[in-house]
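Thanks, everyone. I'll keep this short. Here is the model I want to walk through.

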Amino acid sequence: MRVYVPLTLPGLAEAYKAGEVGAGPLVAYAVTPALREWYLSEDVEELEYAALGRASLASLRLLARDPGAPRRRVVVAVDVPDGQVSGGAGRMPGPGTPGEVRVAGAVALAKVASVHVDSADAEQDVAAAAGALQAADGGDDDAQFVVDGAEDHELLWYATQEIPNLVGPGD
């Protein structure tokens, strides 16, 4: 099963150093029945893009909690055995979490299919979105507009061999 794990650049650097993503259980996003119902599409590529979008919003939430992290959303696409994923079969814990699943245990970096990261030109909008997230969650429409502005930036696709370049020298 393809899952999308939200991270930050420091989180990606940590995963690169450790040779694995997280200690588990990992919060991730995947094409689940709840996501299919929320997105209303049968096109698998569209549904995977929606799962990636949910993960990018979760990455934004991680950035809001880590003011020292570069203001770039990071999502790691990982292929894991179905038995390692739970919570997706009809689970819909709240309005903001369609597609949310849990991956049991750490995932070897070798299982990463690709990495998706904001370009540097998105940093200003992503920073504004991270700062507006709490107000948007409270129902502020203007803040929600700012959060939605981060979604105007497409995450760039990177091969796993490019991770060292993303995390910087010495990381």
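First, a definition. When I say helix, I mean a DSSP run of H or I, at least four residues long, and helices are numbered from the N terminus. Keep in mind that this is a predicted model.

Now the overall picture. The chain has six helices and nine strands. Along the principal axes, the C-alpha trace spans about 40 × 40 × 25 Å. Of the 171 residues, 46% count as buried. Take the contacts with a separation of 6 or more: 75% of them come from residues 24 or more positions apart.

On to helix 1, residues 9-18. Which of its residues are buried? Leu9, Leu12, Ala13 and Ala15. These cover an arc of only 160° around the axis, which puts them on the same side of helix 1. The general point is that an α-helix has 3.6 residues a turn, so residues three or four places apart point the same way.

What covers that buried set? The cover includes strand 1, strand 2, strand 4, strand 8 and helix 6. Turn to the face away from the buried side, and you find the exposed residues Glu14, Lys17 and Ala18. Just after helix 1 comes Gly19, with a positive phi of about 80°.

Next, a helix pair. Helix 3 is residues 44-65, and helix 4 is residues 123-137. They pack at an angle of about 90°, with axes 9 Å apart. Helix 3 and helix 4 are therefore roughly perpendicular to each other. By class, their contact has eight nonpolar residues, two charged and no polar. From helix 3 we have Leu57, Leu60, Arg61, Leu63 and Ala64. They meet Val126, Ala129, Ala130, Leu133 and Asp137 of helix 4.

Last stop, Ser114. It sits in strand 8, one of the elements covering the buried residues of helix 1. Is Ser114 buried or exposed? The cut-off for buried is under 20% relative accessible area. Ser114 has 5%, so Ser114 is buried. What does Ser114 touch, leaving aside neighbours within four places in sequence? Val75, Val76, Ala77, Trp157, Tyr158 and Thr160. Compare Leu133, back in the helix pair. Ser114 and Leu133 are 19 residues apart along the chain, and their C-alpha atoms are separated by 27 Å.

That's my tour.

Definitions and conventions:
Residues are numbered from 1 along each chain as its sequence is written. This is a predicted model: local features need pLDDT of at least 70, side-chain atom pairs count only at pLDDT 80 or more; totals for chains, interfaces and linings use all residues. Side-chain values use heavy atoms; hydrogens and water are left out. Buried means under 20% relative accessible area, exposed over 50%, partly exposed in between (1.4 Å probe, protein chains only). Helices (H or I, at least four residues) and strands (E, at least two) are DSSP runs, numbered from the N terminus. The arc is that of the directions from the helix axis to the C-beta atoms. Contact means heavy atoms within 4.5 Å. Axes are lines fitted to C-alpha atoms, for helices over the stretch in contact, and angles run from 0 to 180 degrees between N-to-C directions. Angles under 35 degrees count as roughly parallel, over 145 as roughly antiparallel, 65 to 115 as roughly perpendicular and the rest as oblique. Ala, Val, Leu, Ile, Met, Phe, Trp, Tyr, Cys and Pro count as nonpolar, Asp, Glu, Lys and Arg as charged, and the others, Gly among them, as polar.
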